[in-house]
Structures are given as C-alpha cells and as structure tokens.
Amino acid sequence: MEIPYTYKARPDTGLYNAKVGIWLFLASEIMLFGALFSAYILLRVSAPVGFWPETALAWPRGLLNIPIGTFNTAVLITSSVTVVMAWASLQMNKFNHFRIYMVITVLCAFAFLGIKSFEYNDKFSHYVVQTKSGKPVTGHIEVNGKHPRFWNFSDQWTLARLTAENVKEISVAVDPERDEHGHVKSHSNHAHENRTIATDDIQFLGSYTPATHPFFAVYFLITALHGLHVLGGALVLAYFAFPGAKMWKDNPQQFINRIEVGGLFWHFVDLVWIFLFPVVYLL
Amino acid sequence: MSLKSFHLVFIIASVALMTFLSAWNFLNYRESQIGSDLAWAVAAGVAVVGLIIYGRFFLRKLKNISYL
C-alpha cells in the first residue's frame, strides 16, 4: 500500500507529510536552542559586577570581533535569499537557475564556517595572564617562539605545563586597554605592546576557551552547535543540488517539496544566528 | 507555514536586527566619536532599506504561491 500525502498535500490541512515532519523537528530544535540561550542569559545576569578579567568571573566585554560577526550575518542572510530563490526557480520550472542559487547557498555556508574557524583560532591562541605582581593582561602569547593554534590541542598552554616543560618565560602581545563597554580607551596605544613575562611571576594562565570562563563555555557550545547545523544543512543542500537532483525528472513535485523542507531547516538555522549575534556579540 | 511565509518572518527579523545594529553603532559613535562606528551605523541603515525593498520584490515575485 502506498503511503498517502508523501508529496501531494492533504486536502483538509493543505500540508504534505514532510512539512509536518520538519515543523515537529524544528519545534524540538527551538527547545534545544531556547535552553542554551536561557543558560547564557542566566549565567550573564548572575555574574559578579565588573568586567573580566579585572574582576574574576565577571562578564567580559569586547572580546568578540563585531565586524566579522556582522559580515557573517550578511553571509547567512544572503544564503537565505538564495535558498528561497532556488525553491522559487523550481516552481517556475527553471532548473538551471535553481542549481546556480543552490551552489551560491552552499558556498555561503562554507564561507560562514571558514570565517567562524578564523574566529575560533583567534580565541584559542588568545590568553589571559594573571601575574603575581600586577593586573591581569590579555593577548596572544608566544611560547618557545611559537603561537598556539586551535587545530592542535597539544599547543594549548597552562601554568602547570609551562612549569613541567621548564619554560622560563613567555612573550605576550598585550591587548590595548578597554573601557567597561569593551571600547579601546582613547588614551591607550592601539598597537599591541610586546611584553615578556617570567613563568615564576605567573599566577594563572588560560586561553579564551571553555575551561577559563563560563562565557567561553556557553559561547563555544552555542556557536559550535549552530556551526554543526550549518554544516549539516550545507551537506543536504549540496546533495539536492547535484546527486539528489535526479528526482526532478521522475517526480518534480516531490523534489520541490524536498527543497522547501531543506529551505525551512536552513531558514531556522539562519534565524538562530539572527538571535545569537546580538545576544552574544553586542549586548 | 510554507517557505514563503517563513522567509517573510526571517526578513522581518533581519530588518529588526539591522535596525538594532544601526542604533547600537550610532550610540557607540556618539560616545566614542570613532568614524568606523558611524560607518557601520550607516551600513546597517542601508541594509534595513535594502531588506525592505527586497521584501516587497519577493512578495511581488511569489504572489501566486501559497502562504501555507
């Protein structure tokens, strides 16, 4: 027996099976991301007054690169426009236009991920150094003449590791001083000052990674989960653009429905970013 | 809800975000007097206008497709 409404809409609801399925799935996704957003907000409002790293565990400001985040937002908005244009092209029986729009969507997805990995690399090589004799400083470090890289976990440094490996000193390209809004202070030199710090003078050393501060824990959790959704969506859309497009000849209506379902998922992923960007980067 | 309806919701959310981003950058500019903050505020404002124009074009182009 054939399963009904796999591609034709049910007359009383006007929906086909896959559309009901994707909306149920998206409802569960809203609960997942909603819980993580709530965790972020609760951690933030319960953080001590002041700004990290001057005040331990207070909420940091100005650590994320807003121009890069804005550019990534524009990339995702563009990809939503192209995915809907791909779907509309199929409705108008223009298969070649569909494929062009789909390829642009997938390229936007990989551009987003590439830019995000650049941001991740910056955080994994960015450190806070609390000395015994002064205020904490932040900046990119160099140990034994090498910068840590995020794709190599053995590159991560802690005070215990510095001591164990008998490293006498590290070099820090110290960040310019920032005010409570995260802006570089007007009297501060915008250039990074290079400072050498003896290992014996270090009280705490931690990279901008989850172990150092709850902000990084929740930032990496939400953005990495979102990134996995982008990757998954991009792979499915790439499949529809090439090998999966054979269905267009056999059953065009079912293929159009598949693109619509893929597009709904893609819009959800982009909508998560529309909320994520102001909450994590701006506020 | 069809992709057409969800896309409209997405465009409305994007317009709201760009409006907020423009205001946020403009307030920063008033405090810091840094030219790049003003440039970002203007760019976000242009994005708001562009998204509204696109939204109207999208509605015209897909007027025969259902919202369901």
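Y5(A) counts as partly exposed because its relative accessibility is 31%, where partly exposed denotes the range between buried (under 20% relative accessible area) and exposed (over 50%), computed with a 1.4 Å probe on protein chains only. The model is a predicted one, in which local features need pLDDT of at least 70 and side-chain atom pairs count only at pLDDT 80 or more, while totals for chains, interfaces and linings use all residues. Residues are numbered from 1 along each chain as its sequence is written, chains are lettered from A and ligands numbered from 1 in the order in which they are written, and side-chain values use heavy atoms, with hydrogens and water left out.

Y5(A) belongs to the segment before α1 of chain A; helices are DSSP runs of H or I with at least four residues, strands are runs of E with at least two, and both are numbered from the N terminus. The phi angle of Y5(A) is near 60 degrees, a positive value in a residue other than glycine. A positive phi near 65 degrees is also assigned to N93(A), again not a glycine. N93(A) is placed in the loop between α2 and α3 (95-124) of chain A, and it counts as exposed because its relative accessibility is 59%. The peptide bond from W52(A) to P53(A) is cis, with omega near 10 degrees. P53(A) sits in the loop between α1 and α2 of chain A. For context, most residues other than glycine have a negative phi, and most peptide bonds are trans.

Helix α3 of chain A contains V103(A), which counts as partly exposed because its relative accessibility is 29%. Between V103(A) and P210(A) the separation is 107 residues in sequence and 35 Å in space, C-alpha to C-alpha.

Chain A comprises domain 1 (17-122 + 213-282) and domain 2 (125-207), with bounds taken from an automatic or database domain assignment. The C-alpha centres of domain 1 and domain 2 of chain A are 33 Å apart. Contact between them (heavy atoms within 4.5 Å) involves ten residues of domain 1 of chain A and 14 residues of domain 2 of chain A. The area buried between the two domains of chain A is about 1100 Å², with 56% given by carbon and sulfur atoms; buried area is the accessible area (1.4 Å probe) that two parts lose on being put together, summed over both. On the side of domain 1 of chain A that touches domain 2 of chain A there are four nonpolar, three polar and three charged residues. Here Ala, Val, Leu, Ile, Met, Phe, Trp, Tyr, Cys and Pro count as nonpolar, Asp, Glu, Lys and Arg as charged, and the others, Gly among them, as polar.

The interface of chain A and chain B takes 33 residues from chain A and 25 residues from chain B. Its buried area is about 2700 Å², of which carbon and sulfur atoms give 82%. Zero salt bridges are found across this interface, a salt bridge being a side-chain nitrogen of Lys or Arg within 4 Å of a carboxyl oxygen of Asp or Glu. On the side of chain A that touches chain B, the elements giving two or more residues are α1 (17-45), α2 (66-91) and α7 (252-282) of chain A. The most is given by α2(A), with twelve residues. By class, this side of chain A divides into 20 nonpolar, ten polar and three charged residues.
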